[in-house]
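Please consider the following model in its sequence and its three-dimensional form. The account below leads from a ligand site to the domains and then to one helix.

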Amino acid sequence: MLAIKTEGLCKDYRLGFWRRRTRVLHALDLTVEAGETFGYLGPNGAGKTTTLKLLLGLVLPSAGRAWLLEQEVGDPEVRAAVGFLPENPSFYDYLTGEEFLAYGARLAGIPRRRAREQIAALLDQVGLMGAGRMQLRKYSKGMLQRIGLAQALLGDPPLVILDEPMSGLDPIGRKEVRDIILRLRAEGRTVFFSSHIIPDVEMICDRVGILLGGRLARVGRLDELLGTEVESVEVTAVGLPEPIVEELGVLALAPPLVQGGRALFRLRGDVEVDKLLRRVLEAGGRIASVTPQKRGLEELFLAEVRAGARR
Ligand SMILES: Nc1ncnc2c1ncn2[C@@H]1O[C@H](COP(=O)(O)OP(=O)(O)OP(=O)(O)O)[C@@H](O)[C@H]1O
Ligand SMILES: [Mg+2]
């Protein structure tokens with residue numbers, strides 16, 4: 001079963017003083033299988049929020065079509081099966097957290113008793129247990145983000161779409177949101193979320209799409225995109241005289257970083273590593289560490305952004 005499918009999905013906005021028609025999303029073809037955790041990555045202005053709004057039917061496409069849970073977007077039945085956390089949720093300031101969730105539950109058609117149980121459980125899950133009776137105007141940014149997430153999870157939707165769920169959260173909050181997403185994944189639910197926090201995406205996603213300037217530049221499983229080859233090896237040596245550091249610099253991919261008697265060399269492969277280690281020991285130095293570096297999502301992302309800028 002496909003949780004999300006888009007076909008040639010486009011969005012044009014009229015931008016600038018002349019209100020010129022500008023395409024901000026270019027013929028997006030995307031599929032997300034049920035049960036997948038999909039990270040939608042892109043720099044500011046790439047078109048992530050626009051895509052999510054199109055999926056939710058909050059804005060209309062300029063061309064193309066989209067389906068959620070194999071129903072065409074716009075079908076009211078589908079909307080109830082999808083939880084959504086918007087980018088800048090605007091809240092009803094004078095409601096308490098509990099009242100806000102109760103209101104959401106009513107909109108979602110959840111029976112009152114069931115809603116009461118679920119609200120208590122969700123407040124606990126997002127770490128707001130003590131704050132349910134507090135008015136939202138007194139919530140911090142992170143607390144608002146959490147209550148928004150709880151709202152998105154009301155009614156146990158099989159598909160959850162989150163726009164920057166970690167934004168505004170401190171490291172602990174980010175970890176809690178990652179854990180919530182991992183729990184949803186373990187329950188077999190589909191999570192589609194946008195982010196520009198690369199480590200968060202790298203840690204929890206099955207598949208990733210990289211959106212650049214409204215175009216899907218890369219999409220695939222993380223392990224396929226990143227590969228498993230070692231890109232380079234970092235060697236840290238201690239106690240090397242400066243001329244030796246300079247001499248060994250020619251073996252490295254970049255000038256060695258020297259700090260507090262330690263020199264860090266980034267090397268291409270085994271041959272260079274062997275040469276360097278031998279020479280360090282000969283020169284009376286010590287090896288502090290040898291670390292193979294794999295290509296991470298961050299390098300891939302930055303490489304794509306650079307390639308996109310050249311095109
Ligand atoms: N309602 C609108 N009217 C006109 N232009 C818009 C509108 N919404 C978005 N845009 C434009 O569409 C482009 C994509 O915006 P979008 O909000 O989708 O990006 P994003 O990837 O979510 O960025 P961010 O990481 O900053 O949230 C931007 O150039 C933006 O200015
Ligand atoms: Mg956005």
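How many nonpolar, polar and charged residues does the shell around ligand 1 have? By class, there are 4 nonpolar, 7 polar and 2 charged residues, where Ala, Val, Leu, Ile, Met, Phe, Trp, Tyr, Cys and Pro count as nonpolar, Asp, Glu, Lys and Arg as charged, and the others, Gly among them, as polar. This is a predicted model, in which local features need pLDDT of at least 70 and side-chain atom pairs count only at pLDDT 80 or more, while totals for chains, interfaces and linings use all residues. Residues are numbered from 1 along each chain as its sequence is written, and chains are lettered from A and ligands numbered from 1 in the order in which they are written.

Ligand 1 is surrounded by 13 residues, the closest being Tyr13, Asn44, Lys48, Thr49 and Thr50; a residue counts if its C-beta atom, placed from the backbone, lies within 6 Å of the ligand. Strand 1 (2-15) and helix 1 (48-56) each supply at least two residues of this shell, and helix 1 gives the most, with 3 residues. Helices (H or I, at least four residues) and strands (E, at least two) are DSSP runs, numbered from the N terminus.

The domain assignment, which is automatic or from a database, gives domain 1 (2-226) and domain 2 (230-294). Their C-alpha centres lie 45 Å apart.

In helix 10, Glu272, Leu276 and Val280 are buried, with 20 or more other C-beta atoms within 10 Å of their own, C-beta atoms being placed from the backbone. Seen down the axis of helix 10, the buried residues fall within an arc of 60°, so they line one face of the helix; the arc is that of the directions from the helix axis to the C-beta atoms. On the other side, Asp270, Val271, Asp274, Arg278, Leu281 and Glu282 are exposed, with 12 or fewer such atoms. Just after helix 10, glycine 284 takes a positive phi of about 85°.
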